[in-house]
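Dear colleague,

Please find the structure below, followed by an account of what was found in it. Kindly read the account with the structure open beside you.

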Amino acid sequence: VSGHPIATDTAWRTLAAGGTVVDAARAGAAALVVTQPQACALGGDAFILVHDAARGRTEGLNASGPAPLLATRDRFGASMPQRGALAVSVPGLVAGWQTLHQRYGKLAWSDVLAPAIALARDGFPVANNLARSTEVYADLLNADAATRALFRPNGAPLAEGSILRQTALVSTLEAIARDGAQAFYQ
């Protein structure tokens, strides 16, 4: 189950291709990065529980990132920025995916990310919740030229059912698929 039917289908297809449940969850999560960018992003964190029935134990993975080294009280005082690169921790999601892959993955890292790469490259129909978000957050999206061009083409919100392609995301996902988490962090 996921927040978007394309992501759920991606997870099921990953299972059918011989992947583990963790491979399927990672493939579905990567698809959510593409189809629900208003809620899921490579620049985010994850908190993950995995039950290993064969060993009879459940493990938790805290894939939240640390504060950047230069994020000190002296630097920000009482006015930490609310938006932008200085407002966030180091994103832990991609490192969490790699940890899961190393512990529980069966399929190749690149095979798990391939469906998300195809979605970003070929496009997908914009769902109602993404279309609404591009209207509700118009001021925020319009503040950045690249974000405006992607999510508010011609100054208008994305239309439900329109096809969204994300070429910059394709490049990032391909680098992660090829070189692992270090491609994202370095």
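**A buried threonine and the salt bridges**

A polar atom in the side chain of T10 lies 2.8 Å from the backbone oxygen of I6. This is counted as a polar contact, defined as a pair of N or O atoms within 3.5 Å; within protein, one must be able to donate a hydrogen and the other to accept it, and residues adjacent in sequence count only if both atoms are side-chain atoms.

Please note that this is a predicted model, in which local features need pLDDT of at least 70 and side-chain atom pairs count only at pLDDT 80 or more, while totals for chains, interfaces and linings use all residues. Residues are numbered from 1 along each chain as its sequence is written, and side-chain values use heavy atoms, with hydrogens and water left out.

T10 belongs to helix α1, residues 5–16. Helices (H or I, at least four residues) and strands (E, at least two) are DSSP runs, numbered from the N terminus. T10 counts as buried because its relative accessibility is 6%; buried means under 20% relative accessible area, exposed over 50%, and partly exposed in between (1.4 Å probe, protein chains only). Leaving aside residues up to four places away in sequence, T10 touches A27, G28, A31 and P115, where contact means heavy atoms within 4.5 Å.

The remaining findings concern charged residues. Side chains of opposite charge can pair when their charged atoms come close. A salt bridge is a side-chain nitrogen of Lys or Arg within 4 Å of a carboxyl oxygen of Asp or Glu, and by this rule the count comes to eight salt bridges.

One of them joins R13 to D9, with the closest N and O atoms 2.6 Å apart. Both residues lie in helix α1, four residues apart, which is about one turn of the helix. R13 is exposed, at 57% relative accessible area, whereas D9 is partly exposed, at 35%.

Another salt bridge connects the side chains of D52 and R55 (3.5 Å, N to O). Here D52 is buried, with a relative accessible area of 15%, and R55 is partly exposed, with 48%.

The side chains of E59 and R103 also form a salt bridge (3.6 Å, N to O). This pair links distant parts of the chain: E59 is in strand β2 (residues 57–63) and R103 in helix α4 (residues 93–104), 44 residues apart. E59 is buried, with a relative accessible area of 14%. Through shared partners, salt bridges join D52, R55, R57, E59 and R103 into one network.

Yours sincerely
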